[in-house]
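Subject: Structure handover

Hello,

Here is the structure I promised to pass on. Please load it before reading further.

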Amino acid sequence: MQFSSDPVYPTRPLDFARHDEREMRRRARAWFEEMDRRRSVRSFSTESVPPVLIAEAVRTAGTAPSGAHQQPWTFVVVADPGLKAQIRTAAEAEERDFYEHRAPAAWLTALAPLGTDAVKAHITDAPFVVVLFRHRHGLEPDGSTRTYYYTRESCGIAAGLFIAAVHHMGLATLPHTPSPMGFLAEILDRPANEQAFLLLPVGYPAPDAEVPDIARKPLGDFCVWR
């Protein structure tokens with residue numbers, strides 16, 4: 001098969017702002033310091049949050065690069081208390097089974113310092129629960145399937161941008177992966193080609209919220225120069 005090197009998409013000039021090195025260093029350090037303050041929050045306030053803020057975070061997530069620009073994701077924003085209650089009930093059932101029967105001892109040991117358990121109050125306390133679904137493949141108008149590429153990597157990048165956007169605007173979230181997550185597609189009535197990838201409660205932290213007093217690895221422990 002012959003492939004053309006000519007782009008299929010129309011092109012336009014790159015919108016890119018170049019800064020001098022001093023400004024680049026300032027921006028880089030300021031962004032690091034802001035993101036270093038980010039913490040996963042498990043205690044949420046029930047205070048309402050304007051839906052437009054969630055929409056903007058999802059919009060930001062949608063700017064993520066994806067394999068062949070296929071954008072293999074759907075973000076389902078759940079605000080309905082009844083749906084959130086259903087999700088919490090199902091998630092806690094899976095979590096209880098996980099903690100009591102399925103979790104390897106090493107995994108439980110790793111989780112112990114964080115104090116996590118099967119109770120997932122964040123699902124009903126946070127004003128919004130955002131569920132990121134990964135498209136395992138695309139669907140053509142005639143019902144046939146279209147192969148998608150690097151869908152896990154693409155959704156992982158989109159999730160990271162969503163988390164950063166939420167923190168940047170002054171809200172909190174928690175990446176939650178109840179296992180297995182098949183109940184989310186059923187409760188939220190998603191098509192068969194979509195698979196739950198991540199559950200993210202979003203809102204203000206509870207006034208008395210606490211987080212583990214932990215430190216992140218220093219740069220030298222996870223960055224290798226060659």
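My notes on the sheet, the helices and the backbone follow.

First, the ground rules. This is a predicted model, with local features needing pLDDT of at least 70, side-chain atom pairs counting only at pLDDT 80 or more, and totals for chains, interfaces and linings using all residues. Residues are numbered from 1 along each chain as its sequence is written, and side-chain values use heavy atoms, leaving out hydrogens and water.

Helices (H or I, at least four residues) and strands (E, at least two) are DSSP runs, numbered from the N terminus. Two strands pair if DSSP finds at least two bridges between them. Buried means under 20% relative accessible area, exposed over 50%, partly exposed in between (1.4 Å probe, protein chains only). Contact means heavy atoms within 4.5 Å. Axes are lines fitted to C-alpha atoms, for helices over the stretch in contact; angles run from 0 to 180 degrees between N-to-C directions.

Strand 1 (residues 73-78) joins strand 2 (residues 128-135) through 6 bridges. Valine 78 faces valine 129 there, and phenylalanine 75 has leucine 132 as its bridge partner. Strand 2 and strand 6 share 8 bridges and run antiparallel. Histidine 135 stands opposite glutamate 194 in that pairing. Strand 5 and strand 6 are linked by 2 bridges, with alanine 172 opposite glycine 203.

How well is strand 2 enclosed? Since 8 of its 8 residues are buried, strand 2 is largely enclosed by the rest of the structure. Phe128, Val130, Leu132 and Arg134 are buried on one side, and Val129, Val131, Phe133 and His135 on the other.

The helices

The axes of helix 2 and helix 6 come within 8 Å and cross at roughly 140 degrees. Residues of helix 2 in this contact include Leu53 and Val58; those of helix 6 include Leu161 and Phe162. The contact has 10 nonpolar, 1 polar and no charged residues (Ala, Val, Leu, Ile, Met, Phe, Trp, Tyr, Cys and Pro count as nonpolar, Asp, Glu, Lys and Arg as charged, the others, Gly among them, as polar).

Buried residues of helix 6 include Cys155, Ala158 and His167. Among the elements covering them are helix 1 (21-36) and strand 5 (172-173).

The backbone

Most residues other than glycine have a negative phi, and most peptide bonds are trans. Please look at these sites.

- Serine 179 and proline 180 are joined by a cis peptide bond, with omega about -5 degrees. Proline 180 is in the loop between strand 5 and helix 7 (182-187).
- Histidine 69 has a positive phi, near 55 degrees. Its loop connects helix 2 and strand 1.
- Tyrosine 150 has a positive phi, near 55 degrees. It is exposed, at 60% relative accessible area.
- Glycine 170 follows helix 6 and has a positive phi, near 105 degrees.

Best wishes
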